[in-house]
Structure formats: structure tokens, C-alpha cells
Amino acid sequence: MARWLSHSSLWLPIPKSNSNLNSNPNSRVLQYQHAYRAQLRVRCSDVGEEKEKEEKKKKKKRLSEQSSWEAKDAEGRDYLYRLGKEADNMNIAVGQRAGVIDSLFAGNFLGKDSDIVFDYRQKVTRSFEYLHGDYYIAPLFMDKVVCHIVKNYLAHILNTKVPLILGIWGGKGQGKSFQTELIFQAMGVEPVIMSAGELESERAGEPGKLIRERYRTASQVVQNQGKMSCLMINDIDAGLGRFGNTQMTVNNQIVVGTLMNLSDNPTRVSVGQDWRDSDITNRIPIIVTGNDFSTIYAPLIRDGRMDKFYWQPNLEDILNIVHRMYEKDGISRVEVERVVNTFPNQALDFYGALRSRTYDTSILKWIDDIGGVENFGSKLLKRRKDPSLPVFIPPEQTVDALLEAGYSLIKEQQLIMETKLSKEYMKNIDD
């Protein structure tokens, strides 16, 4: 029966006593060595096979067969590492992974690993599904906006300098923003739209960074969706203009500097991350609207950076726009001319407000039918449980009703201009 000898966790069989082996101890040592090496080779081969299996499992365990998130760069770092390095807040902008942060913040309702690209998939573009109907677009306005957009998308093949910004300015309520949105809808442009209210923040530098982020978002629309896009800022003079003794803030200066830098370098836009040679942004046209561009920092609106367009619709444009507005109500062009001639020198939104004012009587009647002012809130909020609400019947649009509404609006305008109660309450106010 063979005996067993333990040697470094390897159990070696000891052969039966033999006179030859006993007489020759060297041969017995050699036999031990051969057995030890054989089992060592077996053990090493087993360890190598286990390592190969683990490596195969790691290779198979990928986010997706078509995903490039785990692709390594020249330094051996994957895309997630680079994304996290560029982000301001890694937990929010990059992801919330169980085991990395507290489970209280990871949660279970979205799974252990929350959506890692949620912050980059939020809808910040405008698609204009709400624009229904046949609206009139002034030819001069359309030619200017379309030419600016096309020139910027062809800037790399044109042998001339193309201004990045188009500044559309003019009187209040003349349809600058609405006409631009109609052109976007006609061209299939999916823009990123900002307002002057986003050009100020309690944090220094935040509005400038927001503009750069929105600009890069529009670039991603072009690159990822294959659609034209642009950045539009409404009423820019309300956010950047200098009126009287208004104070210039750091954010105003940074926003102006950001727009100037975008005009000079439209394909190199940083949001605070490390610069990379491969980070080339698509050139995106910028359109801004306002009432008085003389209040804006002059180097921003200079020729070469901003192409300026003064929009003041003529009588023919006003008649066409207003007629298209009332065409579905059965108002003829002759009747539209009568309304426009009765209220001359009014902005386009005035004629839209006429239609809204004619609804007042019908709405008051509908409130009475629902049970009066006292029951309006409860019945309206419980409309899902009690769907038996009276049907609202829109008023019939007539020229006399529009004229009556127009005289009412004119009276309110005159009262505001003539009755200045601020002088009555503050005697020392300057004229």
C-alpha cells in the first residue's frame, strides 16, 4: 500500500519499500522530484485555465455588443472615465451606480444602475408641433433668415467670411420671433431657443456656460439626428442692453464675451472640460431678436460678427398676415383692409388681440352656464368625474365686433400713456 507525503500542499505518493530504492536513496529522491513536478504542472495548467475563463467572462460582460462606452483611448481609459472627468457633478451627469454612491441616492425604481445618459437626452430643442394652420410669411423676412442659415451651413466651402449671428430688430409686436419660428417649421430646422431671462444668474459665469452648452446641443442635433439646427435668443437687448443707469454685471460681460468668441471660433466650444484636438463642434447659426440694438456692446454687433436686419412690415405684409389670420373666420380681404385702416400704426399683435377680445362675452356666458363664478373652480377641476360641462361655442367673428374690440384696446393704450399715477404718488419723480 502506498504511503502519502505532504509537500507544499501537494500530496505525493511514497512507493512501497524496495530493496533497490532503499539501497539507492538518490533514485528515490529523483522519483519524488518527478512526481512533484508533474503535479505542479497540472496545478499550473488548472490555474491558467481558470484565468482564461475569467478573462472570457469579463470580455463577454459588456453594456452592449454595439456600445462604444467601453472603448479604450490611447491611455487605456474608457469613455465613461473621460465623461466623468469632464462633468461638473459625476453623480448627476454621468450616472448613479450601486456600490459607488449611497443606495439612498441610487434607488431601485430605475434599477440598480440609473440611466447614465439621462442628462444628455433631455429635450431642449423646439419642434413646433403646436403651429397648425396656414400662416403667411413675409418674403423679405424669409429671404433674410433662410439666406443666413444656408450661408452658415455652407461657410466651409464659401470663399468669404460669414457672420455667425443674425440680429433681427424692430418695433414691439411685429412678429419677429413668430415669423422666425414659421421659417424653422418650413425648413425643418429644430432649433434651441433661449430667452433674455436666462442671461442672468446668481452664480457668476453660469449664463455664459449655458449658452455654450445650448450651442453644443444644437451641434449634436446636426451630428446625431441629421437635422438642421440653430441657436435662437429672444429679446437679447432686454438681457444685455444698457438703459439709463442700469448696472453692468459680470454675467453680462461674460455673455457678451461668449457670443463674441463663438462668432470668432464657431467650431471650438468648451464648456469647461479638457481641450481635445478631436473635439470639433459643427458650425451652428445664431439668431437673436430685440427692439434696440444700440443698447448692446458695440463690438458684439459689429459687421463680421453680426448681420443686422431691421424688420418693419409694410402695409402689404400687414394685410396679408392679418387676412391669413382671419381667413378661417370668414373675414374677407376687403373687411381686413377696413379694420387695418381704422387702426393704423398698430403692431401686428394688436390685430391678433382683437380676436382674443371678441371671446370675452362668450367666455362670460359660458361661466354662467357652468354655474357661476362660485362653482367654476370646483366643476372645472372635477371635469374627469363629471364630464357634463356645457359646450363652449366660439363667437362669430364680424367686422363690427372686431372694431368694437379695437376701440376698447385703443382706449386702454391711451389711459396708460395719459394717466401716470406714478407722478401722483411720487411728486419728486422726473419727467
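**A walk through the predicted model**

The side chains of Asp 307 and Lys 144 come together in a salt bridge, with 3.3 Å from N to O, where a salt bridge is a side-chain nitrogen of Lys or Arg within 4 Å of a carboxyl oxygen of Asp or Glu. This pair links distant parts of the chain, since Asp 307 lies in strand β7 (residues 306-310) and Lys 144 in helix α6, 163 residues apart. Helices (H or I, at least four residues) and strands (E, at least two) are DSSP runs, numbered from the N terminus. Asp 307 counts as partly exposed at 22% relative accessibility, and Lys 144 counts as partly exposed at 26%; here buried means under 20% relative accessible area, exposed over 50%, and partly exposed in between, with a 1.4 Å probe and protein chains only.

Residues are numbered from 1 along each chain as its sequence is written, and side-chain values use heavy atoms, with hydrogens and water left out.

By the rule given above, the count of salt bridges comes to 13. One of them joins the side chains of Glu 337 and Arg 333, at 3.8 Å from N to O. Because Glu 337 and Arg 333 are four residues apart in helix α12, about one helical turn separates them. Both ends of this pair are partly exposed, Glu 337 at 30% relative accessibility and Arg 333 at 25%. In another salt bridge the side chains of Arg 357 and Asp 360 meet at 3.6 Å, N to O, with Arg 357 partly exposed at 28% relative accessibility and Asp 360 partly exposed at 36%. Salt bridges that share partners also join Asp 134, Arg 324 and Glu 327 into one network.

Helix α6, where Lys 144 is found, covers residues 139-153 and also holds Val 146. Val 146 counts as partly exposed, at 24% relative accessibility. Which residues does Val 146 contact, leaving aside its neighbours within four places in sequence? Val 146 is in contact with Ile 183 and Met 187, contact meaning heavy atoms within 4.5 Å. Val 146 and Met 187 are 41 residues apart in sequence, and their C-alpha atoms are 8.3 Å apart in space.

The surface itself can be read through its patches, which are made of residues with over 30% relative accessible area and no salt bridge, like charges being joined within 9 Å and nonpolar side chains (Val, Leu, Ile, Met, Phe, Trp, Tyr) within 5 Å. Val 150, Leu 154, Ile 157 and Leu 158 form a nonpolar surface patch with about 320 Å² of accessible area together; accessible areas come from the Shrake-Rupley method with a 1.4 Å probe, and for residues only the protein chains shown count as cover. A negative surface patch is formed by Glu 49, Glu 50, Glu 52, Glu 54 and Glu 55, where Lys and Arg count as positive and Asp and Glu as negative, His and the chain ends not being counted, and where the place of a charge is taken as NZ of Lys, CZ of Arg, CG of Asp or CD of Glu. Glu 49 lies in helix α2 (residues 25-60) and is partly exposed, with a relative accessible area of 44%.

Most residues other than glycine have a negative phi. Asp 235, however, has a positive phi near 55°; Asp 235 sits in the loop between β5 (231-234) and α9 (236-240) and counts as partly exposed at 39% relative accessibility. Asn 345, which is not a glycine either, has a positive phi of about 60°, and Asn 345 is found in the loop between α12 (333-342) and α13 (348-357), where Asn 345 is exposed with a relative accessible area of 80%.

Finally, the view widens to the whole chain. The secondary structure of the protein chain comes to 17 helices and seven strands, and 34% of its 431 residues count as buried. Among the contacts in the protein chain with a separation of 6 or more, 69% are accounted for by residues 24 or more positions apart. The accessible surface of the protein chain comes to about 27,900 Å², of which 52% belongs to carbon and sulfur atoms.

Methods: Predicted model: local features only at pLDDT ≥ 70, side-chain atom pairs only at ≥ 80, totals over all residues.
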